[in-house]
Amino acid sequence: MSVLELGTAARAQARARPHTRNRWRPGASWRRWISPLVLVVAWQVASAAGLLPARLLAAPSAIAETAVDLVRTGVLPTAVAVSLQRVLLGFAAGAIAGVGLALVAGLSRPGENAVDPIMQMLRALPFFGLIPLFILWFGIGEAPKVLLIALAVSFPLYLNTFAGIRGVDGRLAEVAKTLKLTRAQLIGHIVLPGALPQTLVGLRQSLGVAWLALIVAEQVNASAGLGYMINDAREFLRTDVIVVGLLVYSALGLLTDGIVRLLERRALSWRREFLAG
Amino acid sequence: MAARVPGGLTGELAGELADELNGGPSSEPSRGLSSEPGDRPSDRLSHRPAAAVRQLTRRFGDRTVLDRLDLEIAGGEFVALLGRSGSGKSTLLRALAGLDQEIDGSLTVAGSVAVAFQEPRLVPWKRVRANVALGLGGPDPLDRADTALAEVGLAERSGAWPLTLSGGEAQRASLARALVREPSLLLLDEPFSALDALTRITMHGLVLELWAAHRPAVLLVTHDVDEALLLADRVLVLDAGRVAHETVITTPRPRHRDHPDLIALRATLLAALGVSPEGTT
């Protein structure tokens, strides 16, 4: 028994360590804000001194003002709503396709033989290069934009989910056999949860690609959305509006990344304690 | 001989592993384990064998790992299987566990089989309780899992994640997972070899307790002569795929390793394993 107690004590010690590390972190993170702040101040000074003309890059203060205006007039919220809808639709379609195909390929050999070669070939296609074809096939409305996003999203999810399924520990499959699990139980209890960490990696990659695909898609004949707002601003040399648009893109990207992180922490809590220890 | 299976996942995942181990794809059993309802032996050893192996042969390519092996394990009997690495111990255990389908000969197991592996092989994303209850039929699987965990002295870790367990705790959980199924044959594949010496002593006591309480037939694969002497009713030494030596131990339990009977038996077993007690080959 004393051996077990010793083990527990060692683990408690190991768990205590990260906390002490956290204690000096806030100070360090405060120091990390200095250089970006200096950069913004320098930018503001350069703009005020006329070194940086507004038609090349607007001053930070002007950008902030414009942002407030765009929100107040409803231009920005409307644009964000339109862009967000494209991403959500495209992401949903791409995720269903990517994960669905990974399940087909991952769970059976015939499925793998049918699906994987095609996916590996399509993966090599530069999908932004498909835009001309997409315009010919689907016109210049919402369809080509959503489909481009869906296509971009499906590959990281497919590849990671497939690899995750195939990477499941064969020894656990043996355990499942000795425990007389049915095939459905094997998939539900062992294979899918085992593939989940890798799938979440794919999810983060695919969300990153989704925003990228949105930006590219919105450069093509958009009549609404963030990309339209930015293109419109370019016509009038409004660099302040362009920068606001770019900042919103990155904020949205960070937001979705944060959501996935949260999801990871929830779904992979069995790993978190281990890593913390 | 064995017929190929159409690719199912079980076959595949297990098959991939089998590929690694055997260098060939796995296939369906030429003859499966014939399961009969196992009535529990009321006396110490029942006359009906818990497992009977006849002329069991297993080849990996040109190499014959098990060579027309015969083995019978009585109900409730504790058998230890010794042998050098490569002698076929684990191959025999895997065959009895139903994990190896490319075997020739006959293999009959009465009732259910449970396995505890060398690495505890807990499913990391299921809490300890859910690991024990995994695939468990019947009413209240989680309650029964808790009872089993209490029995191995792990009640307070029932809600823990497996990765937070110590080696000894994980091995206890693995034992609980095997025993909660009330197997008539319990296969132990070097379950204590990765534990430290002190934990191993505790685990030996625990296994004897559990065996006394549940009376499954046990086949313990080990390379530790002392472990075999302390625990088993009968010790087999496997060599070149056959039972090369067999010793029945009648010394009452709990046994002490310095018991004169055991000292004599140790020398015999070490000789059978091709090692002299002084360690000079």
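Buried means under 20% relative accessible area. The legends below use that cut-off for a predicted model.

**Figure 1. Chain B, overall make-up.** By the under 20% cut-off, buried residues account for 53% of the 281 residues in chain B. Chain B holds 8 helices and 9 strands. Its accessible surface is about 11,800 Å². Carbon and sulfur atoms contribute 53% of that surface. Take the contacts in chain B between residues at least 6 apart in sequence: 70% of them join residues at least 24 apart.

**Figure 2. Confidence along chain B.** Mean pLDDT for chain B is 83. A value of 70 or more is reached by 81% of its residues. Residues 1–43 of chain B are another matter: there pLDDT stays under 50. For this stretch the model has 88 contacts beyond four places in sequence.

**Figure 3. Chain A, overall make-up.** Chain A contains 12 helices and 0 strands. Read from the N terminus, its elements run α-α-α-α-α-α-α-α-α-α-α-α. Of the 277 residues in chain A, 40% are buried. The accessible surface of chain A comes to about 15,500 Å². Carbon and sulfur atoms hold 69% of it. Among contacts between residues of chain A at least 6 apart in sequence, 73% link residues at least 24 apart.

Figure 4. An unreviewed UniProt entry carries the annotation "transmembrane region" for residues 88–108, 120–140, 146–165 and 242–263 of chain A. Two of these spans are described here. Residues 120–140 of chain A are 57% helix and 0% strand. The end C-alpha atoms of residues 120–140 lie 28 Å apart. Residues 146–165 of chain A are 100% helix and 0% strand. For residues 146–165, the end C-alpha atoms are 28 Å apart.

Figure 5. The structure has 4 cavities of 30 Å³ or more.

**Figure 6. A:Pro132 in helix α6.** A:Pro132 sits in helix α6 of chain A. A:Pro132 counts as exposed because its relative accessibility is 51%, and exposed means over 50%. A:Val220 is 88 residues away from A:Pro132 in sequence. In space, the two C-alpha atoms are 9.8 Å apart.

**Figure 7. B:Ala194 in a loop of chain B.** B:Ala194 belongs to the loop between β6 (185–189) and α6 (197–214) of chain B. Relative accessibility here is 62%, so B:Ala194 counts as exposed. B:Ala194 and B:Glu119 are separated by 75 residues in sequence. Their C-alpha atoms lie 7.7 Å apart in space.

Note on methods: Residues numbered from 1 in each chain as written. Chains lettered and ligands numbered in written order. Predicted model: local features only at pLDDT ≥ 70, side-chain atom pairs only at ≥ 80, totals over all residues. Heavy atoms only, no water. Helix = DSSP H or I, 4+ residues; strand = E, 2+ residues; numbered from the N terminus. Buried < 20%, exposed > 50% of the residue type's maximum accessible area, 1.4 Å probe, protein only. Contact = heavy atoms within 4.5 Å. Areas by Shrake-Rupley, 256 points an atom, 1.4 Å probe, with all protein chains shown as cover. UniProt positions renumbered as here; feature names shortened; annotations may be inferred. pLDDT = per-residue confidence, 0-100. 1 Å grid on protein atoms, 1.4 Å probe; cavity = no way out; pocket = protein on both sides within 12 Å on 5 of 7 lines; lining within 4 Å. Points joined across faces, edges and corners; volume = space filled by probe spheres on them.
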